[in-house]
Amino acid sequence: MRIGELAERAGTTTRTLRYYESRGLLTARRTENGYRTYDEDDLRLLRQIRTLQDFGFELEETRPFVDCLRAGHPSGDACPASLAVYRRKLAELDGLIDQLQSVRAQVGAQLLRAEAELAGGPEPRCELEAGHDERIHTGGRER
């Protein structure tokens, strides 16, 4: 198949395919007249890359999976290098989850503090609301 058909079937653009080719992730064969040609293995490889990118993997992180497929394995994650990338990504995700849980706890503590202050004191007056109320009473004209 030619580059346009591959791009369409893979749900991407020909520009993206050329970029992958420049990065060594996709290898085009050339016809006598210079057109790029691809086969079903290339489509499978692109689907692997796209799936990993949908999971948040950087393009370079997909390389071991591509190499694994090119080596003839039925799936891109059947090689030790691919498994190592999975492990690194899981560790990265665990770190992000820990950071988010910490931020969530801080925001929750701030909310509790703010609600306690609100319950124990006078009704706060918001300056933005005051300006809005005055404009309404003066017909929208600034004073």
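Visitor: In what order do the elements of the protein chain run from the N terminus on?
Guide: This is a predicted model, in which local features need pLDDT of at least 70 and side-chain atom pairs count only at pLDDT 80 or more, while totals for chains, interfaces and linings use all residues. Residues are numbered from 1 along each chain as its sequence is written, and side-chain values use heavy atoms, with hydrogens and water left out. The protein chain holds six helices and two strands, where helices (H or I, at least four residues) and strands (E, at least two) are DSSP runs numbered from the N terminus. From the N terminus on, the elements run α-α-β-β-α-α-α-α.

Visitor: What percentage of the residues of the protein chain count as buried?
Guide: A residue is buried under 20% relative accessible area, exposed over 50% and partly exposed in between (1.4 Å probe, protein chains only). Of the 143 residues of the protein chain, the buried share is 24%.

Visitor: How are helix 1 and helix 2 oriented, given an angle of about 100°?
Guide: Axes are lines fitted to C-alpha atoms, for helices over the stretch in contact, and angles run from 0 to 180 degrees between N-to-C directions. Angles under 35 degrees count as roughly parallel, over 145 as roughly antiparallel, 65 to 115 as roughly perpendicular and the rest as oblique. Helix 1 and helix 2 pack at about 100°, with their axes 9 Å apart. Helix 1 is therefore, relative to helix 2, roughly perpendicular.

Visitor: What is the handedness of the crossing of helix 1 and helix 3?
Guide: Helix 1 and helix 3 pack at an angle of about 40°, with their axes 10 Å apart, and the two are therefore oblique to each other. A crossing is left-handed if the near helix is turned anticlockwise from the far one by less than a right angle, and right-handed if clockwise. For helix 1 and helix 3 the crossing is right-handed.

Visitor: How many charged residues are in the contact of helix 1 with helix 3?
Guide: Leu6, Arg9 and Ala10 of helix 1 make this contact with Glu40, Asp42, Leu43, Leu46, Arg47 and Arg50 of helix 3. Ala, Val, Leu, Ile, Met, Phe, Trp, Tyr, Cys and Pro count as nonpolar, Asp, Glu, Lys and Arg as charged, and the others, Gly among them, as polar. The contact has four nonpolar residues and no polar ones, and its charged residues number five.

Visitor: Is Ala10 buried or exposed?
Guide: Ala10 lies in helix 1. Leaving aside neighbours within four places in sequence, Ala10 is in contact with Leu43, Leu46 and Arg50. With a relative accessible area of 12%, Ala10 is buried.

Visitor: Which residues of the largest nonpolar core touch the most other members?
Guide: A nonpolar core is a set of buried Ala, Val, Leu, Ile, Met, Phe, Trp, Tyr and Cys residues joined through side-chain atoms within 4.5 Å. Of the 17 residues in the largest core, those touching the most other members are Leu6, Leu17, Tyr20, Leu26, Leu46 and Ile49.

Visitor: Which elements give two or more residues to this core?
Guide: One of its members, Leu26, touches residues including Leu6, Leu17, Tyr20 and Leu46. The elements giving two or more residues to the core are helix 1 (3-10), helix 2 (14-22), helix 3 (40-54) and helix 4.

Visitor: How is helix 4 oriented relative to helix 5?
Guide: Helix 4 (residues 63-70) and helix 5 (residues 80-120) pack at an angle of about 155°, with their axes 8 Å apart. Helix 4 is therefore, relative to helix 5, roughly antiparallel.

Visitor: Which residues of helix 5 meet helix 4?
Guide: Helix 4 passes helix 5 in a left-handed crossing. Pro64, Phe65 and Cys68 in helix 4 meet, in helix 5, Ala81, Ser82, Val85 and Tyr86.

Visitor: What covers the buried residues of helix 4?
Guide: The buried residues of helix 4 are Pro64, Phe65, Val66, Cys68 and Leu69. The elements that cover them include helix 3 and helix 5.

Methods: Contact means heavy atoms within 4.5 Å.
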